Amino acid sequence: MANQDDQFKKVISHAKEYGYIFQSSEIYDGLSAVYDYAQNGVELKKNIRNYWWKAMVQLNDNIVGLDSSIFMHPKTWKASGHVDAFSDPLIDNKDSKKRYRADVLVEDYCAKIEAKIDKEVKKAAKRFGDAFNKDEFVATNGRVLGYKEKIDSILKRLGESLTNEDLADVKALIEELEIVCPLSGSRNWTDVKQFNLMFGTKLGASAESAMDLYLRPETAQGIFVNFANVQKTGRMKIPFGIAQTGKAFRNEIVARQFIFRMREFEQMEMQFFIKPGTQMEWYDFWKENRLKWHKSLGLGEDNYRFHDHEKLAHYADAASDIEFKFPFGFKELEGIHSRTDFDLKAHEAHSGKKLQYFDHEENKSYTPYVLETSIGLDRMFLAVFSSSLMEEELENNTTRTVLKLPAVLAPTKAAIFPLVKKDGLPEIAKQIVEDLKWDFNVAYDEKDAVGKRYRRQDAAGTPFCITVDHDTIDDKMVTIRHRDTMEQKRVAIADLKDIIGQEVDVKHWLKRM
Ligand code: ATP
């Protein structure tokens with residue numbers, strides 16, 4: 001656990017030191033669970049958003065984009081169920097006065113058991129050496145099976161109590177498992193209560209006439225209320241999708257995990273409208289499709305797993321999370337939800353407007369079913385950033401810190417250096433920057449020895465460094481160094497665009513899907 005904490009701390013401090021993420025309003029001591037994206041962070045975030053948009057909207061001729069407002073008519077949230085049911089079960093520790101999400105306390109307890117399984121696996125791997133078969137070990141070892149059974153039975157009971165809104169049983173479970181407050185170490189808990197996560201605000205000039213509004217807690221409802229407009233004006237035929245990215249706001253109770261759980265965050269959501277009865281086919285399709293998208297980035301095949309929900313939200317008939325191995329363990333990165341016709345029907349009932357689709361092939365109208373894919377952009381950022389940050393031992397017994405961001409997402413694609421700050425080398429280097437900047441985000445750096453400049457760019461995640469030296473003046477060749485392999489090659493200035501393009505173009509990456 002200590003190791004995980006250390007790794008996570010490194011991620012947070014590296015994100016600050018290299019201009020990726022700052023605490024919001026830091027000069028006023030910050031605002032809890034709100035963060036700002038700095039000069040490199042904004043580029044990485046934009047690149048992730050583009051990577052999603054390209055795959056989702058531009059490469060699918062039956063999916064279109066949307067950018068709906070953060071403010072929506074308040075009836076939206078009554079219809080969607082958020083006013084009545086968008087709450088988390090919370091529990092307070094009477095000694096530390098700290099507030100927790102009851103379900104998260106139980107899940108963290110299970111994560112500790114999970115860590116014990118990992119330990120057993122590591123021990124066995126050491127013992128058996130090359131002959132070790134992890135899958136077989138996990139499927140047959142008595143101790144591991146015991147741990148797994150325990151996790152399953154705890155999560156099953158938690159799921160059932162939450163579904164039945166049996167909050168007393170959630171508390172009983174916490175007591176039976178003897179879960180202590182991480183701060184006070186005590187088991188002096190209050191009862192479990194529900195707490196609504198929406199932020200309220202007001203629209204209008206005078207107190208009497210002002211209308212109560214909510215900041216949207218998800219982008220999905222903006223898609224549902226525009227369903228008929230988009231379908232008609234885009235002449236969309238089922239199956240089709242509407243996608244959007246944008247800010248969402250939740251008054252999270254437990255907001256202590258950096259950008260994993262924020263109060264203001266960004267979502268990338270797609271609602272896919274389908275014929276009723278076909279939802280399970282599409283559910284499987286989108287689960288697989290989204291996992292392929294993640295894997296195309298090469299962050300490590302073992303870093304993903306599906307978690308099928310025991311407890312289904314009020315709108316869903318099936319739901320699964322793609323979980324990612326964050327520095328603090330496997331946690332939800334994206335949700336794939338079969339939302340039935342819940343949302344369209346609810347908006348139809350609350351607005352009195354027809355939200356149906358006329359199917360020319362079947363010659364009848366129906367309310368489409370919906371398959372949703374919903375991913376947090378900030379969580380995706382954390383997944384990319386944390387799994388890319390590594391400390392590498394080098395042959396000469398030194399170490400380097402390197403941020404091996406997928407080149408397609410890296411904020412700066414290449415840094416261009418003059419070997420020395422004289423003899424006309426800076427001018428050539430600056431000319432290369434001028435030429436490349438139309439195609440890629442590039443940087444110029446002339447300060448310090450070249451070795452130091454390499455290290456700086458490694459840590460910032462720049463895939464290429466290009467050095468101009470005295471030979472360049474005659475042969476128009478430069479040295480290009482690759483961040484990951486540290487391999488250096490002499491190449492023509494005229495070929496730089498192609499060489500960099502080969503590695504950073506979205507096309508090459510998304511074709512792996
Ligand atoms: P969790 O169980 O972690 O609270 P959720 O199930 O409430 O998440 P959804 O409502 O399904 O999340 O939202 C879809 C996605 O939005 C999540 O998979 C996650 O990536 C992202 N997300 C949700 N809440 C937050 C948050 N507070 N901060 C950052 N990202 C979030």
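Me: How is the expected span of a helix worked out?
Reply: Glad to start there: this is a predicted model, and the rule is simple. The expected span of a helix is one less than its number of residues, multiplied by 1.5 Å.

Me: What span should helix 7 have, and how far apart are its end C-alpha atoms?
Reply: Helix 7 covers residues 142-163, which is 22 residues. At 1.5 Å a residue it should therefore span 32 Å. That agrees with the model, where the end C-alpha atoms are apart by 31 Å.

Me: Which residue caps the N-terminal end of helix 7?
Reply: Look for a side-chain oxygen 3.0 Å from the backbone nitrogen of Arg143. The residue that supplies this oxygen is Asn141.

Me: Which elements are included in the cover over the buried residues of helix 7?
Reply: Buried here means under 20% relative accessible area. Val144, Tyr147, Ile151 and Ile154 are among the residues of helix 7 that pass. Their cover includes strand 4, helix 5, helix 6 and helix 8.

Me: Which strand gives the most to the shell around the ligand?
Reply: Strand 10, strand 13 and strand 16 each give two or more residues to the shell. One of them gives five residues, the most, and that is strand 13.

Me: How many residues of the shell around the ligand are charged?
Reply: The shell also holds five nonpolar and five polar residues. The charged ones number seven.

Definitions and conventions:
Residues numbered from 1 in each chain as written. Predicted model: local features only at pLDDT ≥ 70, side-chain atom pairs only at ≥ 80, totals over all residues. Heavy atoms only, no water. Helix = DSSP H or I, 4+ residues; strand = E, 2+ residues; numbered from the N terminus. Nonpolar A, V, L, I, M, F, W, Y, C, P; charged D, E, K, R; others polar. Buried < 20%, exposed > 50% of the residue type's maximum accessible area, 1.4 Å probe, protein only. Contact = heavy atoms within 4.5 Å. Polar contact = N/O pair within 3.5 Å; in protein donor to acceptor, adjacent residues only side chain to side chain.
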